[in-house]
Amino acid sequence: MSHSKRSDIFLLDTERTTWHDATLWFVRQKRDKAVYATPEFQELRQLASDIKDHTLSRLDFYLQQFEENARRNGVQVHWAADAHEHNQIVLGLLQQHGATRVVKSKSMLTEECHLNPYLIKHGVDVIDTDLGERIIQLRDEAPSHVVLPAIHLKKEDVGDTFHLHLGTEKGNNDPQQLTETARQHLREKFLVSEVAISGVNFAVAETGSVVVCTNEGNADLGVNLAKVHIACMGMEKLIPRLSDLSVFTRILTRSATGQPITTYTSHFSKPAEGKELHVVIVDNGRTKQLGRPDFRNSLKCIRCGACMNTCPVYRRSGGHSYDFTIPGPIGAILSPNIDMRKHASLPFASTLCGSCTDVCPVKIDIHTQLYKWRQVLGQEGEIPASKKWSMRLLSRVLAKPAMYGLGGKVARQGLRFLPHGLTHGKGYNPWAIARELPEPPKQSFREWYAQQMVKL
Amino acid sequence: MSSSREKILAAVRANQPDELPLPTVPSFEGDDSVEKFTSIVQGIGGTVVEVTDAARLPEVIHQLFPADYRIASPLLPEANVPVDAQTPIEVLAAVDLAVLQGEFGVAENGSIWVPEANMLHRALPMITQHLALVLDRRNLVATMHQAYARLPSVGGYGTFLAGPSKTADIEQSLVIGAHGARSMVVLLV
């Protein structure tokens with residue numbers, strides 16, 4: 001199903017769509033306030049972009065430097081070529097420790113690898129502990145945003161879900177009370193879990209540390225109580241120096257939610273005494289993207305979600321309409337690298353307005369890449385027949401002035417005399433579903449211009 | 001496993017572009033005043049209490065928190081829950097208040113650097129119901145650039161801790177007290 005077809009489903013509920021649009025725009029405005037209050041923000045964006053560009057250009061060196069330093073710190077480093085190997089490594093570690101109870105904090109990578117269903121299939125009770133993630137886990141849904149995983153839901157939905165699974169009173173939709181229920185419910189899980197899995201926001205090559213940022217404190221609570229901490233990271237999370245974190249911690253949350261910093265910005269370098277710390281470095285298509293010069297800098301992404309909050313298409317179509325782990329504009333340039341055919345409609349889910357590029361804190365040229373993916377998809381024949389043939393026809397007409405003139409004349413006459421139902425037919429003129437065609441003018445500009453030239 | 005390592009590194013070498021320069025990050029300065037720090041901490045849901053004399057710390061804690069609280073702290077003689085790295089989870093889970101030393105504060109975002117050595121147990125700052133961090137008012141820096149410049153090493157574990165635990169995952173309504181401390185007070189000495 002294409003992005004536009006899935007959007008139709010989301011758009012059925014007008015009230016909810018309007019709320020979704022307005023709420024994300026509010027988050028974008030909070031971002032603006034925080035950004036404008038930071039005088040050097042544009043310099044920080046450039047620095048962040050340059051640091052990431054440099055890192056990607058020496059990624060082999062930094063991966064090995066990170067590994068060496070992490071090992072020296074007593075961290076066990078694993079390498080996974082793809083999602084399946086990542087899942088096998090994690091399961092292997094759990095089995096090695098006889099662990100069946102696992103808490104997990106937010107990690108888009110483990111979503112990408114579909115770790116949860118894999119572990120559950122193998123008898124592991126894996127519990128997502130970020131509140132938004134836990135809500136969608138109970139509902140058996142995917143996150144619809146990288147920072148706000150349950151933004152597609154209203155408090156009534158959460159109230160119903162908690163009533164069903166956690167025994168709250170029916171009709172109790174109070175966010176404060178629902179959060180308190182989740183706190184109590186998840187504390188029980190934190191206290192008994194043998195292993196905790198976390199994502200990674202940044203991995204520092206020179207110190208061998210991984211940095212995890214949360215507001216809820218669920219990552220720290222989970223990994224500091226469990227005997228084993230498994231941190232799963234995409235290979236593009238590397239940065240060279242500890243001091244580079246000063247740039248990234250300043251831009252991450254300001255871009256994401258407008259906060260000055262997350263509540264917990266935690267640096268894990270060594271396992272606690274008697275415990276274990278594992279880092280799994282995952283490729284899963286990233287080296288392939290690194291080899292695409294037009295698209296490699298999408299690997300600079302720090303998953304702040306700013307491009308989603310600002311995107312007029314994302315806000316009005318919802319994260320699930322993208323049917324990819326990372327939705328929104330950034331997802332639309334990452335997904336064709338993974339599966340071009342499946343995600344062929346995503347680069348077209350954009351007006352190319354460029355707002356995503358304007359807010360991106362690491363200066364990824366998102367809208368340019370969306371445009372370039374369209375060219376690639378066209379060449380690969382991954383464009384729907386209706387679009388392909390209408391474009392072919394149009395290019396012929398536009399190349400011949402006489403035919404263009406004739407076409408205009410026919411259209412002006414046709415619009416005047418043909419019945420409305422025929423010119424605005426939903427089946428073949430989707431443009432007119434929510435719009436009226438203009439009143440046709442008596443003459444074209446070219447006809448008028450020719451007349452003026454005669455008068456002169 | 002090691003074969004994947006070699007495979008990945010070979011693919012990276014084959015696909016990475018020619019080397020691009022690594023920029024030098026300037027130390028952007030800013031306001032490092034107590035006023036700035038205090039207003040940001042309040043903005044993120046924390047409180048700042050100015051303790052005129054470090055010797056008054058027990059008295060201030062007594063005023064701020066109920067007397068029957070189970071307190072873990074290396075700083076107070078009144079602490080009644082002894083905690084170290086080996087403390088069992090059930091004991092940690094029963095702590096009402098942890099009073100810990102913060103190393104330095106960052107005025108631009110209200111965060112305080114807390115290294116493992118100051119935590120008694122790595123989970124204590126998060127598992128406690130309430131958290132108080134003691135901070136020397138002379139140890140404030142303006143931005144994260146000066147913050148990282150002060151850290152020769154991040155040790156085994158350490159965190160920039162900014163305010164109480166919070167979430168807005170239900171309809172973007174801000175709720176204080178998600179999984180970590182329900183409240184966070186900075187005691188400026």
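Domain bounds in this account come from an automatic or database domain assignment. For chain A that assignment gives domain 1 (1-36 + 293-383), domain 2 (38-284) and domain 3 (398-455). The centres of domain 2 of chain A and domain 3 of chain A, taken over C-alpha atoms, are separated by 55 Å.

The structure is a predicted model, in which local features need pLDDT of at least 70 and side-chain atom pairs count only at pLDDT 80 or more, while totals for chains, interfaces and linings use all residues. Residues are numbered from 1 along each chain as its sequence is written, and chains are lettered from A and ligands numbered from 1 in the order in which they are written.

Chain B may be considered next as a whole. Its secondary structure comprises six helices and 11 strands; helices (H or I, at least four residues) and strands (E, at least two) are DSSP runs, numbered from the N terminus. The radius of gyration of chain B is 20 Å, whereas a compact globule of 189 residues would have a value near 16 Å; this quantity is taken over C-alpha atoms, and the globule rule is 2.2 Å times the number of residues to the power 0.38. Along the principal axes, the C-alpha atoms of chain B fill a box of roughly 65 × 40 × 40 Å. Of the 189 residues, 47% count as buried, a residue being buried if 20 or more other C-beta atoms lie within 10 Å of its own, exposed if 12 or fewer, and partly exposed in between, with C-beta atoms placed from the backbone.

Within chain B, five strands form an open sheet with parallel pairing, in the order β1-β11-β6-β3-β2; two strands pair if DSSP finds at least two bridges between them. The edge strands are β1 (47-50) and β2 (71-72) of chain B, each of which pairs on one side only. Strand β2(B) is joined in the parallel sense by two bridges to β3 (residues 97-101) of chain B, and I71(B) stands opposite L97(B) in β3(B).

Two helices lie across this sheet. Helix α2 (residues 34-43) of chain B lies across β1 and β11 (183-188) of chain B, at about 140° to β1(B). Helix α3 (residues 57-64) of chain B lies across β1, β3, β6 (130-135) and β11 of chain B, at about 150° to β11(B). Axes are lines fitted to C-alpha atoms, for helices over the stretch in contact, and angles run from 0 to 180 degrees between N-to-C directions.

The two chains also meet. In this interface, 70 residues of chain A are in contact with 62 residues of chain B, contact requiring that C-beta atoms, placed from the backbone, lie within 7 Å.

A further open sheet, of eight strands with mixed pairing, has the order β8(A)-β5(A)-β6(A)-β9(A)-β8(B)-β5(B)-β4(B)-β7(B). Because β8 (238-239) of chain A and β7 (140-141) of chain B stand at the edges, each with a single partner strand, one side of each is left without a neighbour in the sheet. Strand β9 (residues 264-268) of chain A and strand β8 (residues 157-161) of chain B pair in the antiparallel sense over five bridges, and H267(A) has G158(B) as its bridge partner. Strand β8(B) is also joined by four antiparallel bridges to β5 (residues 111-115) of chain B, where W113(B) is partnered by F160(B).
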